[in-house]
Amino acid sequence: MDNVWNIVFVTSFLLSIVIFLILFKNKKLVLKSKCIKQLPLGTLGLPFIGETIEFVSCAYSDCPERFMDKRQHKYGKVFKSHIFGNRTIVSTDADVNKFILQSDANVFVPSYPKSLTELMGKSSILVINGSLQRRIHGLIGAFFKSQQLKSQITRDMQKYVQESMANWREDQPIYIQDETKNITFQVLVRALISLNPGEEMELLKKHFQEFISGLMSLPINFPGTKLYQSLQAKKKMVKLVQRIIETRRNSDTSKVPKDVVDVLLNDSSEQLTDDLIADNMIDMMIPGEDSVPVLITLAIKYLSECPVALQQLKEENVKLQKLKDKLGESLCWSDYLSLPFTQTVITETLRMGNVITGVMRKAKKDVEIKGYSIPKGWCVLAYFRSIHLDDKNYECPYKFNPWRWQDKEMNIYNFTPFGGGQRLCPGLDLARLEASIFLHHLVTQFMWYAEEDSIVNFPTVRMKKRMPILVRRVES
Ligand code: HEM
């Protein structure tokens, strides 16, 4: 009899465990489905690769917004996807993007492909967070805004532009992107470490090209791989910067910083070690490297297609040049930045061209924005391009219309070419100044022709499909 009771007891015990487990699992399912219900609509695509192939192929086509438009139409302005190996919430909504940009590192941290983070290292300003990022960002931002640096950049840019243009031949195609890459790299390196053109600069350029060729490589690091070669190139560049740092530490440097290295060395915080400074000098060349050349190339593309704007730009610049010639003065940085039409041309190029299409972050905790839920660990892509090309924000958004910016306040959340919040691009004034100087010298000294089939569309400009122009010197 005892045995029977034992069997009954054990069976009912096991049954209750099974029932408990079923109920618990169901409860979990209910909770999980509740959570999934709140996720934005969308699809995660194929296993492992998700929607990456479609995303990338659209990004490099003549119609990059096809990926976004299709999903926006189906799911709304915020949708879920799976790109670059991460479950991702994509936002084409200005309010959601504003929240993402304004959030601190407790909520979102930058997220880059693995090969890129390996190359940048742990202490790069592009990946660090919290007080250290704010400190470095503040120091660099203030220096880039200083009159002293703007004057130096103006002098350097004028010199290198003139040297480059002196070699232009009327019967040979000019590749603006290549010309400007060379010029802006030298200007940036002078601002960062005061290296002058010469043998060391040429060596640095060579190593830098090797370094960035691995930015989008497979994250495999052993001798022979692209990533390995890139890391070796970075090591050589870091050595060069370390030598400069050592010399500065040993010399009695003045308190007035002459470049970014000085700015960081002068900082009393012990957080800014020599290794961190050297690494960051190289990493800062990444965002500065092709953004300004692409901006200038795009401005020339849009101007080639809009003769009225080109004429007005030319008149404004020639007028200022004549005035300065009469006064016997050369143009200073504030002259370039106060040319109103030139600035609207640059602003409109930034809106239409979308040099940086968006920024990626990773959620540090579950976040709810405007009713959309972003689970911890998911990535978010705050996509600027769709907002800049939305007809609700800009009338005829695909028309190059610099005049739309005249007397118009920039709505900072419908217009974020330089990002926003704590990571707002510290190089934004520098970018505008360099573009203004190049355009000034181009339109006051040359006429140009771009054959119709050679005018490339963005983003093909990024894929090294260079847009040749033929120039003719003019009397201004
Ligand atoms: C047309 C030119 C440029 C555009 C459109 C641009 C755009 C941007 C954007 C959107 C960000 C924000 C990234 C994020 O939130 O994760 C950024 C960050 C940054 N940019 Fe630029 N940029 C340009 C030129 C430059 C130049 C010339 C420099 C010079 C060094 C520069 C240095 C930086 C740095 C250091 C950051 C990181 C700031 C931080 O995370 O604290 N940029 N840029």
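## Overall make-up

The chain folds into 19 helices and ten strands. Keep in mind that this is a predicted model. Of the 476 residues in the chain, 35% are buried. As for how the chain meets itself, take the contacts between residues at least 6 apart in sequence: 73% of them join residues at least 24 apart.

## Around the ligand

So what sits around the ligand? The shell holds 24 residues, and Gly288, Ser291, Gly419, Cys425 and Gly427 come nearest. Helix 14 provides the largest share, with three residues. Sorted by class, the shell has 17 nonpolar residues, six polar ones and one charged one.

The UniProt record, an unreviewed entry, puts a "binding site" feature at Cys425, and in the model Cys425 is among the residues that come nearest to the ligand. You'll find Cys425 in the loop between helix 18 (385–388) and helix 19. Is Cys425 buried or exposed? Cys425 counts as buried because it has 20 C-beta neighbours inside 10 Å, and 20 is the number at which a residue qualifies. Leaving out residues up to four places away in sequence, Cys425 touches Phe418 and Gly419; Gly419 is another of the residues nearest the ligand.

Helix 7 covers residues 147–166, 20 residues in total. At 1.5 Å a residue, helix 7 should span 28 Å, and its end C-alpha atoms are 28 Å apart, so the two agree. Its buried residues are Leu149, Ile153, Thr154, Asp156, Met157, Tyr160 and Val161. As a general point, an α-helix has 3.6 residues a turn, so residues three or four places apart point the same way. What covers the buried residues of helix 7? The cover includes helix 6, helix 8 (176–193), helix 16 (333–337) and helix 19.

Helix 8 has 18 residues and reaches 26 Å from first C-alpha to last, close to the 26 Å expected at 1.5 Å a residue. Helix 8 is mostly covered, with 16 of its 18 residues buried. Just after helix 8, Ser194 takes a positive phi of about 60 degrees.

Over in helix 9 (residues 199–212) sits Leu204. Why is Leu204 called buried? Because 22 other C-beta atoms lie within 10 Å, and the cut-off is 20 or more.

Setting aside residues up to four places away in sequence, Leu204 touches Val189, Leu195, Met237 and Leu240. Val189 is 15 residues from Leu204 along the chain, and their C-alpha atoms are separated by 9.3 Å.

## Nonpolar cores

In soluble globular proteins, nonpolar side chains tend to be buried together. Here, the largest nonpolar core has 67 residues. Which of them touch the most other members? Those are Leu192, Met281, Leu295, Ile296, Ala299 and Ala435. Apart from this core lies another, of 27 residues, among them Met68, Val359, Leu381 and Ala382.

Methods
Residues are numbered from 1 along each chain as its sequence is written. This is a predicted model: local features need pLDDT of at least 70, side-chain atom pairs count only at pLDDT 80 or more; totals for chains, interfaces and linings use all residues. A residue is near a molecule or strand if its C-beta atom, placed from the backbone, lies within 6 Å of it. Helices (H or I, at least four residues) and strands (E, at least two) are DSSP runs, numbered from the N terminus. Ala, Val, Leu, Ile, Met, Phe, Trp, Tyr, Cys and Pro count as nonpolar, Asp, Glu, Lys and Arg as charged, and the others, Gly among them, as polar. The expected span of a helix is 1.5 Å times one less than its number of residues. A residue is buried if 20 or more other C-beta atoms lie within 10 Å of its own, exposed if 12 or fewer, and partly exposed in between; C-beta atoms are placed from the backbone. Two residues are in contact if their C-beta atoms, placed from the backbone, lie within 7 Å. UniProt positions are given in the numbering used here, feature names are shortened, and annotations may be inferred rather than shown by experiment. A nonpolar core is a set of buried Ala, Val, Leu, Ile, Met, Phe, Trp, Tyr and Cys residues joined through C-beta atoms within 7 Å.
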